Structure formats: C-alpha cells, structure tokens
Amino acid sequence: MTTPDYRLSQLETLEAESIHMMREVVAELERPVLLFSGGKDSIVMLELARKAFAPARIPFPVMHVDTGLNFPDVLEFRDRRVTELGVHLIVASVPDAIARGTVREEPNGSRNRIQTPVLLDAVEKHGFTALFGGARRDEDKARAKERVFSFRDEFGQWDPKNQRPELWDLYNGRIHLGESIRVFPLSNWTELDIWQYIAVENIAIPSLYLAAEREVVERQGMLYAVNEFISPREGEEVRRETVRYRTVGDANLTAAVLSTATTVEEVIAEIAVTRMTERGATRGDDKVSDAAMEDRKKEGYF
Amino acid sequence: MAPTPIAEAALELASARKDILRIATAGSVDDGKSTLIGRLLYDSKAVFEDQYEAVERASAGGDYVNLALLTDGLRAEREQGITIDVAYRYFATPRRTFIMADTPGHVQYTRNMVTGASTADLAIVLVDARKGMLEQSRRHAFLASLLRVPHLVVAVNKMDLVDWSEQTYEAIRDEFTSFAAKLNVPDLTVIPISALHGDNVVTRSSASPWYDGPSLLHHLEHVHVASDRNLVDTRFPVQFVIRPQSDAYHDYRGYAGTVASGVLRPGDEVQVLPSGLTTTIAAIDGPRGPVDEAFAPMSVTVRLTDDLDVSRGDLICRPANAPRVSQDIDAMVSWMADTELRPGQRLAVKHTTRSVRAVVKELQYRLDVNTLHRDTEAPGLGLNDIGRVRLRTTQPLFVDDYARNRVTGRFILIDEATNSTVGAGMLSTGS
C-alpha cells in the first residue's frame, strides 16, 4: 500500500477522496441515503461506503428507483448485495406511481424522465437530506459542471448557473428544511478507473457486464438483446452475437456492444481502446440533444 | 483468445501505477483556453468519437472544428461562447492521470476560478501573443499564487498569428517573470503554443526552432510535485468517530479522518487538541485493513491506546509540533457573495472538520489584484474582491499558515441566513 516516496496511486487517491466525502456527509447531514441500482458505478460507491465506515455497518439505507424495466440479473444482484452488507433497501417504484396516477407513461416507452418525480416523492416521504449518486463528471458535459456537494432546492432542482462555490475539500452541507444535497463521491473517477477498481479490489458485478452470446436485434445501429422487454419488431432479424453491456439502464432501452471480453481485465482492455463514450454507445435516451442531460438534471434527475 | 497488440498496449496504459496531477486553467474570454483543452483532450485521445461528431456538427461552417465546444457544457455557455462555471476534464497518458479544472477567465466569475484553483497542483494561464499580458493575466497569476498553486505555466497562445516571433515571446516571458517575482510563484514556465494548430501542445513544433523548452504536455507529465506536500507537521483532523457497537467489535472506537499533513505510525506519541491530552497510536486502519503508516491524503481510522474524549473537530498532532490554537484569525479572504463583507458581520466558519461562528473584527485592506495596491480605506469587500481580514471565532481553531500547510491554513465562510458559501480564507500571520 505505501510507497517509499509517500505517494498514492491514482486509484488510492480517488478512493481516499471518496471516503472523505462520504464521512463528511454522515457527519454533517442528518438523513443520507445512497442510490443503488446494481449498476457498476453504484456497486463501487457502495463498496466505498463499506470501507468508509468499517468495521461498523454502513450508517444509512440504500434506495433504488425501480422503473419496472430492470434486467432481472441486476435486481437479483442488488438484493444479494444489500443482504450481504446488512443495509436496508428502499424501493421507489415507478410502476406503482403509474398505477396511482402520480406519473404518466411517456409515448416513447422511456421511463427515464418519469423516474424523477418518483425519486423526489420518495425523498420527501422519507425525509432524506443527502442523496449519494454514482454519477461521474466524465460521463457528460452537464455532469462535468457538477459540484461534489450539489445543492437542490425544495423542488429538487439544480441551478447550474448559480452553484455554491466549492473550495478545496471543505464541503458545505448546510441546508434549510425541505432542501437537500446531492453528493457525488465518484465525481473524479473515469469509466476506466471504475473498471480498474473493480478488477484490483475483486468486486462482484452482475454477469451482464461480461460478454456472452445473446440473441439480439439491431435498431438504429445499436444492438438490443431480446428479453422480456424487447421483442423483435416487424422486419427485424434476430441473430446471435457475443455482446456485453457497458451500462445497465432500462432493459428496453439499453443496448449492448459487440465484445469478446469475458473477464474484467478483458473489459478494461476493450475500454482502453474504445472510441465511443459509454452513454453515446448504449443509451437511446441520451441521444435526444446536446443539452438533454442538463435539462433533466435541472428537473431533479441524477 | 490472445489480446491484440493494441489491446495489450491499452491495458498497459490503463493499469500502470500512476499519480494524479490536478491542473487549473484560466484565460481571458478569447485567449483560446477551451481550444487548448480540447486540443489536449483530442490529441491525448481522451475525446470520444461521438463527442467529436457532436462538435463537428455544431461547428459546421467554420474553417476548423471548434474544439472549444468540447468543454463548454452548459447551454448558456455554448450560446454565449464563454465559460461560466468550472468544468472538470479527465485525460491520461502512460505517465500520469490529469484532472483539469477548466475555469472561466472573466472577472465576473473570479469565484469560480478560485474554486478551480483551490485543489490544483499546477495552473495554466493563457496569454494571447498578440495582446500580451493583460489585466486578466495578472489577476489569474495572482490568484494562483494566492492559493499557493505550486507550479505556474504561462502558455503564450496564438503564436501563429504573430508569425512565431521570438521577440514577442521573449517580451511576454520577461514581463511575466518580473511580475511573478512580486508574487509567491516558486516555479514558472513560459511556453509558446498554437492551440488551434497544436504546436508545442503535445509535441515540440518545428515552427519555433528558437524555443528549447518542453511541449506543454511533456511539462505536465514531468513536473515534479512530490516535494510539494508537507510530510513534516503531523495533522489529523478527526472527521467522524466509528463505534460499531457490534458483538464482534464491542470495544472498537476509531477516529476516522483524512491525513492533512505529516506521517502517522502506530506507536507514535500524539496529542489531541483541544484537550491537550497525550496518548499513543494503537493502530491505523486503512481501506484494506491495518497499515504501518498514514500520510496525506489517505483516509484512515486511527485507534488510540487510551480511552480519551475525542470527537469531530478535534485534531491529532505530535506533542512537540502542534498547530497554533487561536480564536484570532488573520487571513486573506476571497469574497464570493453579492452582498459586501463588512466589519461587524457574523459568519459561520468551516475549518478542517471544525465548524465555528465568527465576527469580522477588521478589514485591514482590500487588494487591487491588478496592481497589487492595498486600499486600507476600503469599507468592505464586494463580489470577487480579495482582502486581508481579521476574524474572532467563538471557539479556538487549530491553525497553521496556509503557506506552510494548505489544509490547516484554509477555511470557508458561510452565510448563516442563506447557507451559501460566501468566502474562501487563507491564513497568514505576516502582512
């Protein structure tokens, strides 16, 4: 771990920085919650939370905004992981909200936008004042502008032109009643850092992240695995390809990429040479416009 | 399947044990800062194809692909063609990983520049070769020195527009060097570049045979930062007390925190402030279990031999080398609120893990960051002003001068009514 010149590697530095942020939140804010989807970023975030408070238990619950469109593999992983860690899981269900009529299904089938009111309702119901999110600044131009402690007003809104100055690692967690802070412990991690950390620390991930032969259809140049949410449309040909997922979002909108990587090390090798950002390559919902993420974030999206 | 040579090379690049260099960039609106960053990202292959395609679409009609569009992330920034807030960018070479805070150059956004520079190891100030050193360039260099960014690079950009004139470069270099001599700039490097065409950015350019220094990227990869840290003064602000209260760890009581400076080892005799009691370190737990030593910026949990009353905001140090314990704080303050800072005002202070309240006893002077003139008659500090302030705090703080210790020498000021961060302070006992 230590080096003769008292320097840390990039992963050790990022890890230390993230642990510092998480401890700061628990020390300063009353009711934190960690957003956990079973995706690789939130898996790493949860692992960092474990390390930050060990040997004690993670001192806050985790929450999943369940769109009802999740890969079964990922849900199973989510449940197993929270059981292992002994943390309490809260599920905020989008299908329940649709059934209650508090949100309405969008015509394109994407539940990306309507997760936001479900998230905000759950935050209000449980009185959460700090929400840990696994977003990284290298993912998107709007996220590159995000603070580590990102202030949200009582409507959960982000005001990108009027963010609190954030000096050094002196995070300001002060809020009034009804307001909250979104905290991004992985702000300075890149996609490659996440994968290297998973490899070095031997962290378990859902099998979807590794290549396997799957039945796929091609839509607008992207490969979608046939599953309970995706059936071939007329004129679409089902073929077998060896693919893996770079991100795991909603199963009806997340595409897979051609890959032969069956181990984490092979995934790293592929990512290191890849020339397409992970969201651009696999998320139908982010291709809408240059400012799609900024607009959703202003409304309270992560 | 055997990995291809390119995958092998990529894996090697990805797996190498590297350190992180944090960079802040600043420049005037048209100095080409965003273009330079776009160039560094593009030439170091940190820009992905879909991002590049989006930029190509957006810059259709121009002669060049507008690399600046890679970094200006907010709608308002793209519309106005300016940088408003800090954007963080990531790129890596086989030698180092870089985190770049791309900060606005305009005076109106000074507070965002201070935000970006606060964590930097190195600052890049851009100067337009045609215009020479402007008021803004002086301000940027001054802010970098105020925040004690250890390394300063002046990138003299748009050299192609002055026909790569050696005289122009030398004039700017000499002017900057004499200005920097008045500031605390321990390491200054001046590099002639063309961000638009990539000259001297990643590789040395044949356009400047008279220049025998490094390319910008070469300098970023090799600048020596190991000696920038304070390994002498042991300072461990207690962030959080870990008490598992479980059967397996019934008596465990650990003090979690991030090492600010110095080195801690099990067996060390230590003193806890404010109580002043001494004890020894029983063990140090890191993220992967017990460690033999801890140094900045490690996040660890320290266990002590004796059962003392220690809580968040306390500080662990060595008995023979303690910080100053004081309620009277003299500091340079960068003010970030629309409403003025004035003597008599009450504010909240966050210093390391300690939060206290304070009253502004005195504004000693307001500094003109362009001329370095001290205005002792100034009634207050307005938005983006910098001045020397004396505070009296409700509880003692455990402080060092910022010049000696960037962690225990810094604090933020918070408006208790709005909860906004309204100022950044850097302690100094001198004038």
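This is a predicted model: local features need pLDDT of at least 70, side-chain atom pairs count only at pLDDT 80 or more; totals for chains, interfaces and linings use all residues.
Local features required pLDDT of at least 70 and side-chain atom pairs pLDDT 80 or more, while totals for chains, interfaces and linings use all residues. Residues are numbered from 1 along each chain as its sequence is written, and chains are lettered from A and ligands numbered from 1 in the order in which they are written.

Chain A contains 9 helices and 10 strands. Helices (H or I, at least four residues) and strands (E, at least two) are DSSP runs, numbered from the N terminus. Of its 302 residues, 55% are buried. A buried residue has 20 or more other C-beta atoms within 10 Å of its own, with C-beta atoms placed from the backbone. Contacts (C-beta atoms, placed from the backbone, within 7 Å) were also examined. Among those between residues at least 6 apart in sequence, 74% join residues at least 24 apart.

An open sheet of 6 strands has the order β3-β2-β1-β4-β6-β5 (chain A), with mixed pairing. Pairing requires at least two DSSP bridges between two strands. Strands β3 (89-93) and β5 of chain A are the edges, each pairing on one side only. Neighbouring strands are turned by 30° on average, direction ignored. Strands β1 (residues 32-35) and β2 (residues 62-66) of chain A pair in the parallel sense over 2 bridges. Here A:Leu35 has A:Met63 in β2(A) as its bridge partner.

Strand β5 (residues 149-152) of chain A is covered on both faces. A:Phe149 and A:Phe151 are buried on one side, A:Ser150 and A:Arg152 on the other. β5(A) runs antiparallel to β6 (residues 180-183) of chain A, joined by 4 bridges. A:Phe151 stands opposite A:Ile181 in β6(A).

Helix α2 (residues 40-53) of chain A packs with α1 (residues 10-28) of chain A at about 70°, their axes 9 Å apart. Axes are lines fitted to C-alpha atoms, for helices over the stretch in contact; angles run from 0 to 180 degrees between N-to-C directions. α1(A) and α2(A) are therefore roughly perpendicular, a class spanning 65 to 115 degrees. Residues in contact include A:Ile19 and A:Met22 in α1(A), and A:Leu48 and A:Ala52 in α2(A). α2(A) also lies across β1, β2 and β4 (130-132) of chain A, at about 140° to β1(A).

A:Ile43 belongs to helix α2 of chain A. A:Ile43 counts as buried because 24 C-beta neighbours lie inside 10 Å. Not counting residues up to four places away in sequence, A:Ile43 touches A:Ile203 and A:Ile205.

Notes. A residue is buried if 20 or more other C-beta atoms lie within 10 Å of its own, exposed if 12 or fewer, and partly exposed in between; C-beta atoms are placed from the backbone. Angles under 35 degrees count as roughly parallel, over 145 as roughly antiparallel, 65 to 115 as roughly perpendicular and the rest as oblique. Two residues are in contact if their C-beta atoms, placed from the backbone, lie within 7 Å.
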